[in-house]
Amino acid sequence: MPLRTSTETRLLDAADELFSRHGVAATPIDAVIERAGVSAATLYRGFASKEALLAAALERRHRAWLETWDDAIAAQETPEGRLLAVFDALDAFRAGPLGSRWCAFLGSAAEHADPPAELAEALRRETDDLRGRLVELARDVDPRRGDQLGEQLLLVVTGDLAMRLRSRGWTTDVARATATTLLRS
């Protein structure tokens, strides 16, 4: 029997909150079960493992991130504005209900050097989508060097996300300025 939507939401909320705050390895599955207010049997009826729960939480986060990024892109009128909208989206996402101190995907990748298949797929999909969108938007700005520019911006965005962990007051201002310099070079 599949999980009720409300039960699945409680499990994903609990996993997202605890994994983001304490890390995946440091969060016992019993803490997730307790926070969600479900039994172990209920958890395992919906998710085969802790990593499967993490993958589902990441997939949900990824869908929400893409919606936020789409909204930021739609608010821009120029190709350059649409490309730089990733930084508006990062700020908006961080301020929203799924926002956290830093990137859940980077954290999960760092904690799982050899992730199980469902987690590896969630991490791969997020990276591929981020890279693909940046390259596509960069091609609209400069078709000659769009692929290279997209890859450079992937590094800038990823660096920005990593700096959020290292520096509590970090904002996207430095990353946005770096990206703008790359666009104009």
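Tutor: The charged end of Arg 133 sits over the ring of Trp 69, 5.1 Å from its centre. The model is predicted, so local features need pLDDT of at least 70 and side-chain atom pairs pLDDT 80 or more, while totals for chains, interfaces and linings use all residues. Residues are numbered from 1 along each chain as its sequence is written, and side-chain values use heavy atoms, without hydrogens and water.

Student: What makes the charged end of Arg 133 sit "over" the ring of Trp 69?

Tutor: The term requires NZ of Lys or CZ of Arg within 6 Å of the ring centre and within 35 degrees of the ring normal. The distance for Arg 133 and Trp 69 is 5.1 Å.

Student: How many aromatic pairs does a search of the whole structure find?

Tutor: The search finds two.

Student: Why is the pair of Trp 65 and Phe 93 called edge-to-face?

Tutor: Rings of Phe, Tyr and Trp (its six-membered ring) pair if their centres lie within 6.5 Å; planes under 30 degrees apart count as stacked, over 60 as edge-to-face and the rest as tilted. Here the centres are 5.9 Å apart and the planes at 85 degrees, so the pair is edge-to-face. Trp 65, Trp 69 and Phe 93 form one aromatic cluster.

Student: How do you know whether Trp 65 is buried or exposed?

Tutor: Buried means under 20% relative accessible area, exposed over 50%, and partly exposed in between (1.4 Å probe, protein chains only). Trp 65 has 9%, so Trp 65 is buried; Phe 93, with 14%, is buried as well.
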